[in-house]
Amino acid sequence: MHDMPFIYNFPFFSILLTLIGGMSMPFFRNGRVAQKINMGIIIAVGVMNFILFCNLVSTGEHFTYMMGHFPAPWGNEIRGGPFEALMATVFAFVMGFAILGGVFNIYEDVPKKKQYLYFLMMNLLLSSMIALIYTNDMFTAYVFIEINTLAACAIVMSKDSGETIVATIRYLIMSLLGSGLFLMGLALLYNITGHLLMESLQPVILQMAESEQYYLPLTVVFAVTTLGLCVKSALYPFHSWLPGAHGSATSSSSAILSGLVLKGYIILLMKMMYRVYTPELLAKLHITDAIFVLGIIGMIMGSIHALRERHIKRMTAYSSVAQIGYIFMGIGLNSEVGMMAASFHILSHAITKPMLFLAAGGLANVSGHSYEFKDLKGAAHRNKIAGVAFVIGALSMIGIPLFAGFPSKLFFSTGALHSDYFRMPLVLIALAVSTALNALYYLPVCINIWRMKDEPGHGHGHGSDDHSASHGGEPEAVHAVHAEALGHGSISHAVSHGAAAVADAGHADSGGHELLHDTDGAHEMHHGKTGITPAFVVSMVVFIASNFGLGIFYGPVMDAIRKGLELL
Amino acid sequence: MPFLLLIPVFFPIAMGLALLALNFKERAQRQIYVSIVIIANMVMSIVFMLTLPRTTFTLVRFTDKLSISFKLDGLSIVFGMIVSILWVVATFYSFEYMKHEGKENKFFSFFTMSFGVVCGIAFSANLITMYLFYELLTVATLPLVMHAMDKRASSAGKKYVAFSITGASFGFIAIMILMNFGASLDFTYGGVLTNMALLTGHEPIVQIGYICAFFGFGVKAAIFPFYNWLPSAGVAPTPVSALLHAVAVVNAGIFAITRVIYYCFGADFLSGTWAQYLTMFMAIVTIVFGSSMALRENHIKRRLAYSTVSNLSYMLFSLTIMTPEGMVGGLAHMLFHSVLKITLFFVAGAIIYKTGREYVDQLEGFGRSMPKTMIAFSICSMGLIGIPPLMGITSKWLISKAAVESQIPLAIVGIAALIVSALLTTLYLFEIIIKAYFPAKSKEELAEANMDVKDPNGLMTIPMLGLTAFSVLFGIWPDPFIKIFELISYGAF
């Protein structure tokens, strides 16, 4: 071990640094200091993993790292390859900008005394996710799953409201159910094989599978561990905890939970599939079939639920259920291409969904902190960068070329074409339907947030006066106009808009709608702070740029993923 | 300098976005801005179409098979010309019309952006580029459909999105299949299924791919049973119905299917297969269905929309004959129908704008009250019915000729459908003409009912009458167009 390159220490450093950094925060008891420490550590982690990633991709190597130089079965191992390093880099990157973008809301939503604890939890979260990515040991994985669960619950609960507490309790119960299942599977696995290290497990399992006597216990073990991870990553129908938790937390928490935390478990599952169970065995035991079917159902059902929502963050959260369905569907394709597509989708969703959540938060900040569609009308005019980011995120989710969502769709359908005649039509049709559903719930929201401020006064009722009497459906239109004006925003908004509508009605000239622009100023005054801080703008711009970047230059990323999966 | 081709695509998009940001306070300023942008773009696109070399310009290269590239060929020039010229006409018409709809700034922003997007469809060099702009077209025109933002408009908008995006994603399936079994995704006359090693043994999948493409892209061409969005989208302001839902969007569907049949899958591969007969059969069904629904409908704009449904399938039927003659017929009908139907919609819009009347039986005696408007309507109706020597007869003749020469039994059924549909067209259009010129009510009643019914001003009448004159002129003398279409269809232009 003396000739080991220094950079192979980086994963270990990353985990340790985040843990120690977190533990240092109680000494300061100050949110701002904690945030700086947290940001510094995230940058360090990101840089270290990026260097490691570049190195591993160029050399095409992978390594196992023994913690404290104790060999198995006593020691604890880390295993790194291009795949793991890529994921860790992206996780650090996304986490950094997600916190940066939501920092205004963190300070607003989290009670002052607890702010440093919020960043502590963020540190624990990052540490546990990196450990899940790099670990080579099933029990270590379990330990970090639990840490991850607790930290995730804490960042949901940190916004101190009744809603988040209920959401956290649901989250906690489902999450613990998931990790409990995982632990059960792990115990059984240890019982029949006597190993916990991934490397030693695989030969024993393969031997057992060959003898064909252990099919039942192996099926149970695989099913239970997989199920545990599926519950934790909110695969439909185990998603019930997700919309509450992601919809009610502060923006950064939602962004990180949706973009990263769910994926941590999926990456662990993928590693287990390759390094412990082997895809062939999983296919033989029909585990992948089950994952595939649930993934397809999730793709559609998540979107159908999202379609019914009138709350922008809950809608985005349900969209995550659908996207998780995509990823599991890719895994369930049980082929190299499918796995690559799933891995790519982890990345593209990890950079798109946080952007959507942060943009939704930014829009709500300028709309009286309400996430209801009716209050968000025209919000994009008050926070332009958030509006642009939301539209770009939406187009990416629909899968329009040039955006990050398109290569995912491309690879999923390539994967489908290379699979059997049962899966191919199912995937292709599910992709088509789900694309349309995504468009159906994202596009109306985009239009809603970009509505002109003056629209309540300008339904059909605004004809030139020589024919308005004969205009069909006129009374209805006027009625709708009033209802709209009254339902608009908090009471003070309704008053200002109502007054404006009255003023407008008296104005016979149809060009009169420009009158209303001064209500804009009233909005600003009412809220005082808009939350459009430089940090928010930077984070939005970075997310937008990385979305385009991944959408256009997906080739190299895909090559790295291919290489990484080969080395798993 | 093939990169110049980017200008007609991205200039209007940028200018439209700028218009959103500028938000002119004065109507006159906005009208000057919009007319400069639209006219400049028309001039540029026409000049570029006529002068630029036929080379590919790649904007973004994803992989060796996938790229966003632009290229000119005969077909794109035809589509580009139709769209560019009619866009300018429609813009002037909307200046007047949109006064009564409000929210003009938003309207003209997206109206301008859509121009660029349609040019993108016209100039795309491969299926992925076309798919990109095809999706963007839905996104860019959605705010126009939902313009009124009331319940009816937003449900129509949702229907539009649901149909269009589902369609495009089925088109995407076809793209994936072509990518796997074809030599490339670039539009090549005669098709890209040239690599026999890839293709052999997978013919059924490729044919299913064609079906996906036909019905997927056919959604925008309102093929039965995916026609329903078109009549609903009539809640949009009339210039949108006229330009987008009679010309640009629906012709983009026809254009896409022409590309798919003649430039991707290839007529040789498809002709004689079940896939050809299925698509031809659905086109024939739509021809009769659309006309019958138009006859039942009493709302003027919806009647015209159903008429569009039927006429689009004339083109689809002609294209599915899958001979060069069939393509000639399809292209000719695309041009003629665009000119005629946009004028008919302009008339409907003028009536709504001046009187607020939307139903056929409210038009009694309009021939006397709105003489210019109703003359345009009558002449274009007769053109659409196909009364010689007006415009429509030529294309119907070409389609029937192609059908007979193809010797496909189903195509003969198609000719019967054309005849039935012509009869139905006569019924549903002449009902309006007769009501307008030979009212049942007495003169006094009419004078009272139509007291303030007058022709609109020049911004509306000049586009209508100009297009009518054009339709008469080229109805009598269609040769130059037909020659060009023949060159394109035989791959020589």
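Author: Contact here means that heavy atoms lie within 4.5 Å. The structure is a predicted model, in which local features need pLDDT of at least 70, side-chain atom pairs count only at pLDDT 80 or more, and totals for chains, interfaces and linings use all residues. Residues are numbered from 1 along each chain as its sequence is written.

Reader: How many residues of chain A are in contact with chain B?

Author: On chain A there are 47, and they are in contact with 47 residues of chain B.

Reader: How much area do the two chains bury between them?

Author: About 4100 Å² is buried between chain A and chain B, 70% of it on carbon and sulfur atoms. Buried area is the accessible area (1.4 Å probe) that two parts lose on being put together, summed over both.

Reader: Which helix gives the most to the side of chain A that touches chain B?

Author: Helices H16 (384–398), H17 (405–417), H18 (423–449) and H22 (534–552) of chain A each supply at least two residues of that side. H18(A) gives the most, with 11 residues. Helices are DSSP runs (H or I, at least four residues), numbered from the N terminus.

Reader: Turning to H5(A), is this helix mostly covered or mostly uncovered?

Author: H5(A) is mostly covered, with 14 of its 20 residues buried; buried means under 20% relative accessible area (1.4 Å probe, protein chains only).

Reader: And what caps its N-terminal end?

Author: A:Asp137 does, with a side-chain oxygen 2.8 Å from the backbone nitrogen of A:Phe139.

Terms used: Chains lettered and ligands numbered in written order. Heavy atoms only, no water. Buried < 20%, exposed > 50% of the residue type's maximum accessible area, 1.4 Å probe, protein only. Polar contact = N/O pair within 3.5 Å; in protein donor to acceptor, adjacent residues only side chain to side chain.
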